[in-house]
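Student: Could you show me how to read a structure that I have never seen before?
Tutor: Gladly; let us look together.

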Amino acid sequence: MRRHGAILTRVTAIEDAGAGVKRFTLQDPEGWALPPARPGGHVDLFLPGGLTRTYSLCGDPARGDRYVIAVKREAEGRGGSAYLHDQVEVGDEIQVGLPRGGVPLGPGFHLFVAGGIGVTPFLSAAAALLAQGRRDFRLHVLSRGAPPLGDQIAPLMDAGLARLHDTARTVRPAVADLLAALPEGASAACCGPAPLLADFGAATDHWPAERVHLELFVPPPLVPDPDARAYKLVLARTGVEIDVPAGAGMAQALASVGVEVPVSCGGGICGTCAVTYLEGTPLHRDRCLSQTERASKLMPCVAQSAGARLVLDL
Ligand code: FES
């Protein structure tokens with residue numbers, strides 16, 4: 001069944017990208033251009049069984065006729081990567097959502113720090129910078145052994161724009177050392193496993209927020225919010241009212257009355273489940289909405305309420 005607002009794509013290539021990663025090329029079945037994506041943006045893939053999974057785009061954003069994603073097979077994952085690795089073949093159709101997010105690429109030098117498969121958004125960002133004639137960036141890839149997408153990293157290494165740190169052979173570099181001696185006004189971005197993100201966060205906690213960017217692919221652990229209270233969740237379009245106990249999940253409350261919002265990360269980082277609210281004071285707890293967006297949107301996979309009533313535009 002065609003999901004409302006989804007784009008129908010066809011898998012036109014599947015490649016082994018090394019390190020347990022497959023690279024999938026998705027194109028319009030009739031070859032039309034796809035909605036444009038920002039460098040390092042991501043898309044939701046709507047998979048059978050109601051699975052929604054979000055993947056960063058790793059291709060050249062100037063190639064408007066394709067979305068290229070890299071998927072690491074996670075044996076302990078929730079089934080999305082195993083399905084893509086084991087079931088999907090060239091010629092299959094996959095519905096995807098509109099691209100979102102991306103790596104900010106303003107003026108000035110950019111330092112990208114990637115752990116393993118976390119290199120994906122920065123390959124797209126690097127392609128975009130090179131297309132602008134810019135070489136004012138460096139990509140550091142930390143990987144235990146050969147990294148995924150080595151064929152895309154190699155040309156950047158040859159050009160002196162990327163460096164590989166094989167942590168099976170050498171000590172993992174301190175993020176603070178990678179950030180040392182950057183030009184004035186430089187920006188830094190990081191994507192990778194939680195320990196790397198934590199080091200990066202610690203090394204940049206005194207930086208201006210607008211010059212730091214984190215790409216999360218594993219949601220941080222959610223801690224109970226002491227301000228969360230029991231509340232009435234009101235669906236404005238149907239008048240349905242749900243009593244939600246303090247600390248209970250909003251997405252689950254919606255599901256209990258048959259309203260399914262698409263959930264991918266389930267942890268407030270991917271932006272898939274965004275809903276508009278009309279009244280109330282949400283406790284947002286996500287890591288993907290801007291302050292401006294929070295004035296009207298919330299992420300029901302993590303949001304709770306600080307007030308007694310919250311009205312959604314559903
Ligand atoms: S499902 Fe990812 S932010 Fe809600």
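Student: What should I know before we start?
Tutor: This is a predicted model, where local features need pLDDT of at least 70 and side-chain atom pairs count only at pLDDT 80 or more, while totals for chains, interfaces and linings use all residues. Residues are numbered from 1 along each chain as its sequence is written, and side-chain values use heavy atoms, with hydrogens and water left out.

Student: Which domains does the chain have?
Tutor: Domain bounds come from an automatic or database domain assignment. Here the assignment gives domain 1 (7-96), domain 2 (110-215) and domain 3 (231-312). The C-alpha centres of domain 1 and domain 3 are 28 Å apart.

Student: How do I read the interface of domain 1 and domain 3?
Tutor: The size of an interface is often given as the accessible area lost when the parts come together. Buried area is what two parts lose in accessible area (1.4 Å probe) on being put together, summed over both. For domain 1 and domain 3 this area is about 440 Å², with carbon and sulfur atoms giving 32% of the buried area. On the domain 1 side, Thr52, Thr54 and Arg78 supply 62% of the area buried against domain 3, more than any other three residues.

Student: How many residues of each domain are in contact there?
Tutor: Contact means heavy atoms within 4.5 Å. Six residues of domain 1 are in contact with six residues of domain 3.

Student: How many salt bridges and polar contacts are there between domain 1 and domain 3?
Tutor: A salt bridge needs a side-chain nitrogen of Lys or Arg within 4 Å of a carboxyl oxygen of Asp or Glu, and the count between these two domains is zero. A polar contact is a pair of N or O atoms within 3.5 Å; within protein, one must be able to donate a hydrogen and the other to accept it, and residues adjacent in sequence count only if both atoms are side-chain atoms. By that rule, four residue pairs are in polar contact across the interface of domain 1 and domain 3 (both at pLDDT 80 or more).

Student: Which strands supply the domain 1 side?
Tutor: Strands (E, at least two residues) and helices (H or I, at least four) are DSSP runs, numbered from the N terminus. Strand E3 (42-47) and strand E4 (51-56) each supply at least two residues of the side of domain 1 that touches domain 3. The largest share, three residues, comes from E4.

Student: Where is Arg100, and what does it touch?
Tutor: Arg100 is in the loop between strand E6 (93-96) and strand E7 (110-115). Leaving aside neighbours within four places in sequence, Arg100 is in contact with Gly41, His42, Asp44, Thr54, Cys270, Gly271 and Thr272. The side chains of Arg100 and Thr272 are joined by a polar contact of 3.4 Å.

Student: Is Ser143 buried or exposed?
Tutor: Buried means under 20% relative accessible area, exposed over 50%, and partly exposed in between (1.4 Å probe, protein chains only). Ser143 has a relative accessible area of 6%, so Ser143 is buried. Ser143 is found in strand E8 (residues 137-143).

Student: What about Lys232?
Tutor: Lys232, in strand E12 (residues 231-235), counts as partly exposed because its relative accessibility is 29%. A polar contact of 2.7 Å joins the side chains of Lys232 and Asp243.
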